Amino acid sequence: MVANDDLWLTICGGEIHTILGENGAGKSTLMNILAGMLRPDGGRLCINGQEVTLESPQAALRHGIGTVYQHFTLVPSLSVIENVILGLDLGFVLDLDRAEQQLKSLLGDFGLAVAPRTEVRYLSLGQQQRVEIIKTLFRGSQLLLLDEPTSVLTPPEVRELFAILSQLKNRGIGIVFITHKLDEALEISDRITILREGKKVGAFGPSDLAQGEPGALAGQIVAAMFGGPTPTHLTGAGRSRQVLGPPLCTLSQITALDDRGVPAVQGVSLQLQAGEIFGIAGVDGNGQKELGEVLAGQRLVSQGQVMLAGLDLTNRGVTAAAQAGIGYVTDDRLGEASVPKLSVAENAVLKVFNQRPFSRWTVLNRVAIADHTQRLIRDFKIKTPGPEVQLSTLSGGNIQKLLLARELARRPKLLICNKPTQGLDVLTAESILQMLRTQADQGMTVLLISSDLDEILEVSNRVGVMVKGRLVGVVPRGEANGEKLGRLMLGLSDA
Amino acid sequence: MTAAQWQIFITALLSAGLIAAVPLLLAALGETFAERAGLLNLGLEGMLLSGAFAGFYAALTTQSMVAGLAAGTTTGLLLGLLFGFLAISLRVDQVIIGLGITLVAEGSTGFLFRDFYGQRFPTLTFSTAKVAVPWLSDLPILGPALFNQQPLVYLAWLLVVGCAFLLKHTRFGLEVRAAGESPLAADAAGVNVAQTRYLAIMIGGVMAGLGGAFLSVGDLNFFVPGMTVGQGFIAIAIAMLGKWQPYRVFFGALLFGTLRSLSTGLQIIGLDLRPEFVLMLPYIGIIVALIILARRTQLPAALGLPYERDQR
Amino acid sequence: MPELARLRPFVPVLSSILAVAAAFLSGALFLWLTGKDPGQAYAILLSRGLGSTLGITETLIKMAPLLLVSAGLLIALKASVWNIGIDGQFLIGASLAGILAPRLAGGVPLAGVLLLCAGAAFIGGAVWGVVPAALKVRYGLNEIITTIMMNYVAIYLTSWLVKGPFSDPSVVAPQMPTIPPEFRLPFLPFTRIHIGLLVGLVAVLLTYLMFRYGATGLALTILGHSRKAALHAGLPVNRLVALALLLSAGMAGLAGANDVLGVKGLFQGEWNPMYGLTAFALVFLARLNGLLVIPFAYFFAFLLFGGEAMARTARIPAYFVPLLEGLMLLFFAISTYLERRYRRGLEP
């Protein structure tokens, strides 16, 4: 699969060049090539006029390219200065004082703003990011790659970051800023390149940005990112013409923490009707997965209530939720949703094997399990030699089909799907979406969590957008389109 | 008991405890390096025992203590390399390797001992003179206990300081700490994680071998198959309880060494407890200490031992 | 390469056999280096268990505790619970049987004595696993260290029991009172093999069935593969961990009673057959498969028996057997590496 197609980019020193694009637009691939993690299949990479090949991240560093990834590569229990000098050959005995001096003189009035001996785990995310930047500067980087740097920052921290970037720019350091956030791009960029599906679909140079009026610019960018004809295999019609049933599930003021104890879902309230497909759009990491887990009973809420058909399911656990009629297909196909080394049949009954008819008085009824699995294979056209083979021999698409089939077979009242078509080919993806549509037609409610806007627009009755744990807008399908949703996802107002 | 008797008791207890602590201390220090680098070495017990046997055999044959210590250290190093090869290069399950090495050590040392000496239990006839540190050894109670010891005990203390320095103030120590906590971050920063781990486990082996040699050559002057009685595992627990910091490990080793030598001490003051109960104390003590530590701090992964199923 | 792919289902057993072979080769090298005759040694080691009725009988007798212990360990390992405390749990069970049986003998019929001792031993063994299980469930404390510590506590505790309150005053050597022969485990008809062997076989078979056809077995297997998946499936993870540990501990205790009531007829001081680590090697080589445990248990049993014979006749110390076991574990580990390479070689 070609992620980047024939790109042509110039990055200059002393300039902030933003690469703007949606999830899957090819930004990460481009960045990984520049950072030395990936080799391009075609094309040339020139640094300072000379053609180079970057075989490894270390090679990239040697050429002066420093990368700050979204997930920080810092060692939590080491201090700031220790992290900065990690991996460098400064002598057998550590001279942290000297390293600090070197650092201070390097940064000049740029400043550290963090005490160099503090352990990294006590720093806020913004401060940690600063340490990452300092790390690259200490190694002599002339070009800084920043991958979605503001996704983990609070607004004041974003201000600080922009101030730092301006200072760095003024020293002649080139900055490549990769993001999906439009307003930030407009605020700090000297140059913007827009990617969509691996191609460059727009470019704005310094003069364009200086002269253009913000509103108009924003419109042009959004159009480039989201506008235009929808892919041919999708009808894009959604399901606005369906007649929906009575309210089924009510979420009130749900607040929940993620695995690190940070609030992931903040005060989300939602009411779902029977037979409705509700799409939750948003960039990864804005609380959608945690919201799904709350509904499925896998995650506790610190506040709020989950009601399903009159039953209070708040914090009652997975089994209670399942018995009440909730099905959950998680996005982690092989790590959480299934056990790849077990057979297809065992995975098919993973959640229900200790109930009738699959077992009686703790004895498994392997025949019933096999029959059930065969039925699933047949009804959902899952390609597999049989129910007893290892799950890992199946393709990703067929595994996904099985996971879906597994839930649908129990006739849930509410099905939560997280990224059900991720990584699947077009045909399989379409068949899965069709499955969802059919089930909804028969009265099942679907909560579809996805970062793929086209998919959401394809099947949803209503679309909600989650940003930083909040539901920032709920739009009926009839009024929703890519650009409108894009604006919401980018944090712009609903204009 | 009179004050004078108490004084004798405490001095004797501390002194014996210190000696008993040395093998624990050395093994625990070695394990500290290994675990800090991200390796769980259950073969420590085997390395300790092998060091004890190799040291005893060499010392008995050459009538030289130094030869014994050298033999023990070398044996530990070799076993450490074996563990490293299997765990780092082949990336095989560390628990299995560790138990395997311990079993091999128990089998081979027992075999060789019986083979060489039959049913006899030879002892080493030379013993090292104690060296009294001037002035310090005149302090009341603590003096004779702590500062009138074999040179190896002082060496052990120096090693504590050395390890602490190595871990905290050298590039190697920094890389060890990084490799154990975030191998991906370390790798991204250009650290050769595999090499660092190899060095760490070699240190672990060397220390365990030395500790074992001290046990048979320096302390007890004899060897019995299986004489380490789980001290290797206690050392692992001590490393954990000391949160992998050399100075804390030292105190942990001293505590458990004292518990181990308690039976002798109690006899002195005339307490007639069944010896088995006293012998149980170190092991029960470890469990109690683990419970206390677990309740006071919420260290999830760390107390679960830094054992990753697939490392880079 | 298609030929390699055809080997696929046999690979696990093949690699176990290879591991055993490699271990034997290394053992031979060791023997040769220490001036022994490997051929003679192996001849004794391997033939005594097979060559005579006595040999086969003794092997089968030795097999019994191994079967029980391995069945329990299998349950724990399938759930990824590392119960290294088997030796301690074994001794606790054995000592309980050694205490109860002589006292009950005479007053209670044979069946009663046996059942009561079995029950006490099982519960005693399980109790010995309570502390590690509780610590793991409550604090996430790794069970490896805690179970090993409990081993040593058990060794000293039972040592005190046999030398102190429950010792047999009529004998010099530390031991508990002898159990009258009519109150020990009866023999299988026409043999000198006590029914403990049947108990062991039944235990292994039940374990196999539990994992093949039981819902609990599947739950434990899922947990053993992936804790995340177990949580996703709504399984009671903590209860399963405790079950695995306590069940394996109880079975180890039962094995102890088995040995006391069947073979030794009393609980002896200074006695620790250390079946725990043997069972480890056994169970891994059997690829955690209940049915394979049986032949491997037989194999290990006649190794143990042969080892004793070897020590008596060829003056090769019996320590050779744990050495072999350790080598088998190490080569088994290496074989998993080779298997991984093989599987990757199969991928397109």
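Mentor: Before we begin with this predicted model, keep in mind that an axis is a line fitted to C-alpha atoms, for a helix over the stretch in contact, and that angles run from 0 to 180 degrees between N-to-C directions.

Trainee: What is the angle between helix α10 of chain A and β10(A), and which strands does the helix lie across?

Mentor: Helix α10, residues 288–296 of chain A, lies across β9, β10 and β12 (303–308) of that chain, and its direction runs at about 60 degrees to β10(A).

Trainee: How do you know that β9 and β10 of chain A pair?

Mentor: Two strands pair if DSSP finds at least two bridges between them, and strand β9 (residues 247–257) and β10(A) have seven bridges in the antiparallel sense, so by that definition they pair. In one of these contacts between strands, C249(A) has L272(A) in β10(A) as its bridge partner.

Trainee: Why are β10 and β13 of chain A said to stand at the edges?

Mentor: The open sheet has four strands in the order β10-β9-β12-β13 (chain A), with antiparallel pairing. Because β10 (263–273) and β13 (311–312) of chain A each have a single partner strand, one side of each is left without a neighbour in the sheet.

Trainee: What makes residues of chain C and chain A count as being in contact, and how many are there?

Mentor: The C-beta atoms, placed from the backbone, must lie within 7 Å, and 15 residues of chain C are in contact with 23 residues of chain A. On the side of chain C that touches chain A, α9(C) gives the most, with six residues.

Technical notes. Residues numbered from 1 in each chain as written. Chains lettered and ligands numbered in written order. Predicted model: local features only at pLDDT ≥ 70, side-chain atom pairs only at ≥ 80, totals over all residues. Contact = placed C-beta atoms within 7 Å. Helix = DSSP H or I, 4+ residues; strand = E, 2+ residues; numbered from the N terminus.
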